[in-house]
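Visitor: Could you take me closely through one part of this model, the salt bridges, and explain how the charged side chains in them are placed?

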Amino acid sequence: MKASIALTPGDGIGPEVVQEARLVLEAVAQRHGHEFKFSEHLLGGCAIDARGTALPDETLAAARAADAVLLGAVGGPKWDDPQAKVRPEQGLLAIRQALGLYANVRPVRPHPALARLSPLKPERVAGVDFVVIRELTGGLYFGTPKGRTMTPEGERAVDTLVYTEGEIRRIVKLAFQMAQQRRQLVTSVDKANVLESSRLWRKVAIEIGKLFPDVKLEHQLVDSCAMRLITHAAHFDVIVTENMFGDILTDEAAVLAGSLGVLPSASLGGSRLGLYEPIHGSAPDIAGRGSANPVGTILSAAMLLRHSLGLEKEAREIEGAVNLALEEGKHTADLDAKNPLSTAQMGEAVRERLA
Ligand code: IPM
Ligand code: MG
């Protein structure tokens with residue numbers, strides 16, 4: 001098949017890890033007779049430096065025209081001034097919103113070879129295999145009013161947590177559809193004992209649940225969910241939650257996998273077009289050294305093949321190659337390796353195991 005893939009490597013280690021994922025995609029294309037056309041675009045801090053905006057029009061246009069977008073990471077100390085008018089993260093939020101990518105899918109399945117890296121006891125990590133579906137274009141991140149005003153008592157700041165039934169319905173529905181393909185359990189996470197938006201969330205979740213009698217629905221308050229993610233993570237199958245809760249819970253969940261460096265994510269909307277990125281950030285402290293772990297980005301490329309291009313077999317091939325490489329002790333520095341592989345060597349180790 002023919003497909004066009006827009007790359008937005010971004011900042012910090014972004015370019016290094018995206019390069020390895022691209023080489024893996026090229027290798028897969030060659031093995032299966034596909035034709036992937038790649039183009040590179042500015043997003044985040046590098047776009048601020050070059051164009052004065054975190055999401056240049058040309059990047060957005062290229063993303064819209066592509067079948068999928070593969071993103072590295074955005075941000076870094078250079079752009080961290082809290083007074084700054086433009087911030088790299090705005091580029092990420094703006095592209096999610098402009099492309100209508102309302103569902104962020106973050107699978108967490110710790111690799112047995114990395115279990116020793118988790119700060120949790122091995123028995124707490126054993127059998128963990130769940131996916132978090134985080135609402136991505138609503139809630140506190142985008143609600144209005146938002147901003148700061150001066151009052152006689154000093155400054156006042158406001159953010160607004162708002163959800164409509166329609167926004168909740170589409171994300172919860174996606175969670176149920178995913179659960180049908182998995183272990184048929186949806187955990188809807190909210191704060192319905194306090195928040196009105198959560199009470200609406202819960203009502204809609206129950207309504208949607210009736211359309212999926214084969215899937216069990218449970219509700220969990222976000223604070224106790226945070227706890228159970230550490231004490232009983234193997235219980236979960238599909239977790240669905242609003243934007244901010246999902247942001248926090250997915251960083252917490254990443255600890256189960258032993259390293260942030262190995263986890264992928266997909267941001268999906270109503271069409272085939274999706275945005276794929278590792279869940280780690282730009283890691284400015286190790287940028288440019290060729291030591292970053294490319295696995296999270298390579299697994300994001302696998303998700304790209306699965307969700308945007310419908311290439312399930314090829315996606316599994318990449319996941320299989322990553323598993324094999326990790327099992328055989330091919331590890332980058334973040335995985336506490338004695339003789340760590342470089343970013344490029346890790347990418348090569350994965351490509352050699354495609355089969
Ligand atoms: C994430 C990140 C972003 C978010 C930041 C960089 C804006 O933390 O993708 O989880 O909060 O959504
Ligand atoms: Mg986050």
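Guide: R134 counts as buried, because its relative accessibility is 2% (buried means under 20% relative accessible area, exposed over 50%, and partly exposed in between, with a 1.4 Å probe and protein chains only). This is a predicted model, in which local features need pLDDT of at least 70 and side-chain atom pairs pLDDT 80 or more, while totals for chains, interfaces and linings use all residues. Residues are numbered from 1 along each chain as written, chains are lettered from A and ligands numbered from 1 in written order, and side-chain values use heavy atoms, without hydrogens and water.

The side chain of R134 meets that of D247 in a salt bridge of 3.6 Å, N to O (a side-chain nitrogen of Lys or Arg within 4 Å of a carboxyl oxygen of Asp or Glu). This pair joins distant parts of the chain, 113 residues apart, with R134 in strand β5 and D247 in helix α9 (helices, H or I of at least four residues, and strands, E of at least two, are DSSP runs numbered from the N terminus). D247 is partly exposed, at 26% relative accessibility.

R202 and D190 form another salt bridge, with their closest N and O atoms 2.8 Å apart; because R202 lies in helix α7 and D190 in strand β8, the pair ties together parts 12 residues apart in sequence. Here D190 is buried at 0%, whereas R202 is partly exposed at 25%.

R169 and E165, whose side chains meet at 3.3 Å, N to O, both lie in helix α6, four residues apart, or about one turn of the helix. The whole structure holds 26 salt bridges, and R109, D129, R182 and D237 are linked in a network of them.
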